[in-house]
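Here's a quick briefing to read alongside the model. Have the viewer open and follow along topic by topic.

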Amino acid sequence: AKPTLPTNFEEETWATLKSAITAIFLKRPDSCDLEKLYQAVNDLCLHKMGGSLYQRIEKECEEHISTALRSLVGQSPDLVVFLSLVEKCWQDLCDQMLMIRSIALYLDRTYVKQTPNVRSLWDMGLQLFRKHLSMAPEVEHKTVTGLLRMIEGERLGEAVDRTLLNHLLKMFTALGIYSESFEKPFLECTSEFYAAEGMKYMQQSDVPDYLKHVEMRLHEEHERCVLYLDALTRKPLIATAEKQLLERHIPAILDKGFVMLMDGRRLEDLQRMYSLFSRVNALESLRQAISSYIRRTGQVIVMDEEKDKDMVPSLLEFKASLDSIWEESFSKNEAFGNTIKDSFEHLINLRQNRPAELIAKFLDEKLRAGNKGTSEEELEGTLDKALVLFRFIQGKDVFEAFYKKDLAKRLLLGKSASIDAEKSMITKLKTECGSQFTNKLEGMFKDIELSKEINESFKQSSQARTKLPSGIEMSVHVLTTGYWPTYPPMGVRLPHELNVYQDIFKEFYLSKYSGRRLMWQNSLGHCVLKADFPKGKKELAVSLFQTVVLMLFNDAQKLSFQDIKDSTGIEDKELRRTLQSLACGKVRVLQKLPKGRDVEDNDSFIFNDGFTAPLYRIKVNAIQMKETVEENTTTTERVFQDRQYQVDAAIVRIMKTRKVLSHTLLITELFQQLKFPIKPADLKKRIESLIDREYLERDKNNPQIYNYLA
């Protein structure tokens, strides 16, 4: 006979399993061992009873889970205690479901796998817990409120049980209700909390402290995500904190503390500001703040006429400070670097021409002999820094004019600290502006070197050996007119010996270079005179004009101002300055009668018998006219004259190419071509001048259009 199942096989087997499941839920020991239980499930599944077994287990689990969750209703009013009970309930369920799944593993592997839309026993347990939790809204609400309270407490500095938080939030994730039930209210609470805190802290603390606080808060929130929040919460959580603590307060932070941080060069705080602003895409606001800071601070330096002599050192210091902030605090951000350059260019051109002139003067000061204690490396560094300012100048021709004038003085008076440094500077200028900018300056150096060779060959020449008066040594600088600044010719009657010397040199020079003209620049000459005073012999280093005046006293003890004027032929103003330097300065080789600071028409001068000085060689400084205002004006006027030629040439160049052009287009093209700032009104004058000189004509039908006359 075919073997058959006992009549009550299913019921009896289920009774054994039910008693075991109840024991598991009630945490009691069960008499039946696990192997038999596992075998029982196996038997039921083999005999196609898996479906009813699954339903019976589900029903049994639902009863116990619903009882467990109902037991939480109305429990402890203390939220932390209540959360511990929820955690205990959840932990128990997990343990119990694992145990049941272990016993009914065969059911999971066969029936559940083979039947669509049937959950595994573990998932069924979770689904039942979720279902009954939603049927007990008080429990769910109280749990969420408790979690939010604990997190807020932690934010306020209280110690909380992070493990408890971690377990409960994992429960929400496992049940699939984390996002809806917890994350949404959590982010709303976070937003409210930081909105209030941001307002309070902004009013109470200064900007550096506020930024430190924001940095600390963002770090704390990040840690929270690592320790107990779900990984997906990190982005919205940090964004919420950033919005409330940073984004809302960007203008206030900049208004309240940016200038203070920049003035104090607070690199660390500025770097913190930069990194925090970059998190909320607020770098544009920071960039604008830098721009207005540079313009405002720089304007004070550039526009203060009383402090002109400190302008360049102050600008260099300001630029160096900005560069170190840019490198160390702003991560060498390219846009910020460009902003610094643009703002600097704006402020350095606020006063037309003056900064260009002062940069040239600053370089003159550095390249002159007498900068003791400055090494070559330091000098090179200073030149490079000054060159940075030079790049920002729009009127580079003004700089060139003043630099050329000062370079001429240094070369002619032998006042250069180092010819290497001079040449290095010219190479730098050449790299910046091209050879056209420096060819005159290079020509000046060539002249000086050629002059040395000419002097050498003059000393070897027959003219020098046979005709020169004895007791005089003379060296001549032969300068090419186009390269050097133009000097006003100043007449003077030279002593006979010097005239003879000049004539012999002229004869020698013209025999060597025929077809050239020599013009003597008396105002630039200087001499060393031997003087025999009753109290000792001295050597006097003096200018040519001082020499001419002093030589008169070889033949006379006393001379009046008028006598000296008639004998020397020096122009009145120049003569007064020369006499002032000899009789009223520190070194008084002559005495003035009557005594006084200024030279009057009726004054007389006598040789100073009582003259003494500790040194053998004495320099008698000429009275410096305050780098005469006239001298500066003429240099500036010369620059403007040159500019007019450049404008005329540019207009003709453009019109030659275009033949016909409207006024507006011509002006636009000129602005693109000219490398210096110029007003439209000045351009209009140049156009009118070219029309008068018949290079251009107005169109007969439309006066706003110009035609080029070939």
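Two rings of Phe, Tyr or Trp (for Trp, the six-membered ring) count as a pair if their centres lie within 6.5 Å. On that basis, the structure holds 25 aromatic pairs. Keep in mind that this is a predicted model.

**Aromatic pairs**
- Take F390 and F437: their ring centres sit 5.9 Å apart with the planes at 55 degrees, so this pair is tilted.
- F390 belongs to helix α18 (residues 376-392) and F437 to helix α21 (residues 435-460), so the pair ties together parts that are 47 residues apart in sequence.
- F390 counts as buried at 1% relative accessibility, and F437 counts as buried at 11%.
- Y509 and Y513 make another tilted pair, with centres 4.8 Å apart and planes at 40 degrees.
- Y509 comes out as buried at 4% relative accessibility, whereas Y513, at 22%, is partly exposed.
- Both tyrosines belong to a cluster linked by ring pairs, along with F458, Y501, F505, F508 and W520.

**Nonpolar cores**
- The largest nonpolar core has 78 residues, and F258, M273, F399 and Y403 are the ones touching the most other members.
- Helix α19 (residues 396-412) supplies the largest share of this core, with 8 residues.
- Setting aside neighbours within four places in sequence, F258 contacts I253, L270, M273, L286, A289, I290 and Y293.
- There's also a second, separate core of 63 residues, including F25, L44, A104 and L147.

**Helix α8**
- Helix α8 (residues 162-175) has 14 residues and spans 20 Å from its first C-alpha to its last, close to the 20 Å expected at 1.5 Å a residue.
- D161 caps the N-terminal end of α8, with a side-chain oxygen 3.1 Å from the backbone nitrogen of T163.
- Just past α8, G176 adopts a positive phi of about 75 degrees.
- Buried in α8 are L164, L165, N166, L168, L169, M171, F172 and L175.
- Those buried residues pack against α4 (79-103), α6 (121-134), α7 (137-155), α9 (178-204) and α10 (207-227).

**Strand β5**
- Strand β5 (residues 604-607) is covered on both faces: S604 and I606 are buried on one side, F605 and F607 on the other.
- Strand β3 (residues 558-560) runs antiparallel to β5 and is joined to it by 3 bridges.
- Strand β4 (residues 590-593) also pairs with β5 in the antiparallel sense, over 4 bridges.
- F605 is the bridge partner of L559 and also of K592.

Note on methods: Residues are numbered from 1 along each chain as its sequence is written. This is a predicted model: local features need pLDDT of at least 70, side-chain atom pairs count only at pLDDT 80 or more; totals for chains, interfaces and linings use all residues. Side-chain values use heavy atoms; hydrogens and water are left out. Helices (H or I, at least four residues) and strands (E, at least two) are DSSP runs, numbered from the N terminus. The expected span of a helix is 1.5 Å times one less than its number of residues. Buried means under 20% relative accessible area, exposed over 50%, partly exposed in between (1.4 Å probe, protein chains only). Contact means heavy atoms within 4.5 Å. A polar contact is a pair of N or O atoms within 3.5 Å; within protein, one must be able to donate a hydrogen and the other to accept it, and residues adjacent in sequence count only if both atoms are side-chain atoms. A nonpolar core is a set of buried Ala, Val, Leu, Ile, Met, Phe, Trp, Tyr and Cys residues joined through side-chain atoms within 4.5 Å. Two strands pair if DSSP finds at least two bridges between them. Rings of Phe, Tyr and Trp (its six-membered ring) pair if their centres lie within 6.5 Å; planes under 30 degrees apart count as stacked, over 60 as edge-to-face and the rest as tilted.
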